[in-house]
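Thanks, everyone. Please look at the structure on the screen while I talk. I'll take a pocket, then a helix pair.

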Amino acid sequence: MHDMELQENSLVFWEGIGQHLLRLDLTDRQRFQAVSAVVNYVVGMGAQMAIEQAPEPEPGENPDEMRERYLGEWADTWMQRDPEVFPFAHSMAPIFRDHDDFEQFVAGLDLILAGLERQAGLA
């Protein structure tokens, strides 16, 4: 996103999203906030997925099996916590154990876009 002082890539990204929003009945402030939300979500999720700290697969281990093991360890850790103190983590552990990152990304983006549609009077 950054290319020193001009941040041309960031501007092009904002412009690409913003042009689609020009078609909606939104104020300039609403468009600014919408583009900010989408850009921050997309960049944030991309950064998170890019730097996941999953361990390297064991020699001969399938990457999918490694991911399953890694997520399973996290889910097990969540389940070991006190359910009175961490009720949300307890309820989410089974979902976290086998979630799909792309599905999670799309669901989050859908939430943002649904709010934008509501704001524009389309929902």
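First, what counts as a pocket? On a 1 Å grid over the protein atoms alone, a pocket is an open set of points where a 1.4 Å probe fits, with protein on both sides within 12 Å along at least five of seven lines. Points are joined across faces, edges and corners, and volume is the space filled by probe spheres set on them.

This is a predicted model, where local features need pLDDT of at least 70, side-chain atom pairs count only at pLDDT 80 or more, and totals for chains, interfaces and linings use all residues. Residues are numbered from 1 along each chain as its sequence is written, and side-chain values use heavy atoms, without hydrogens and water.

The second largest pocket has a volume of about 210 Å³. Lining residues have an atom within 4 Å of a point. Among them are Ile17, His20, Leu21, Val38, Leu109 and Glu117. Which element gives the most to this lining? Helix H5 does, with four residues.

Now the helices, which are DSSP runs of H or I, at least four residues long. H1 (residues 8-21) packs on H2 (residues 28-50) at about 130°, axes 10 Å apart. Axes are lines fitted to C-alpha atoms over the stretch in contact, and angles run from 0 to 180 degrees between N-to-C directions. Contact means heavy atoms within 4.5 Å. H1 brings residues including Phe13 and Trp14, and H2 brings Phe32 and Val35, among others.

Conventions
Helix = DSSP H or I, 4+ residues; strand = E, 2+ residues; numbered from the N terminus.
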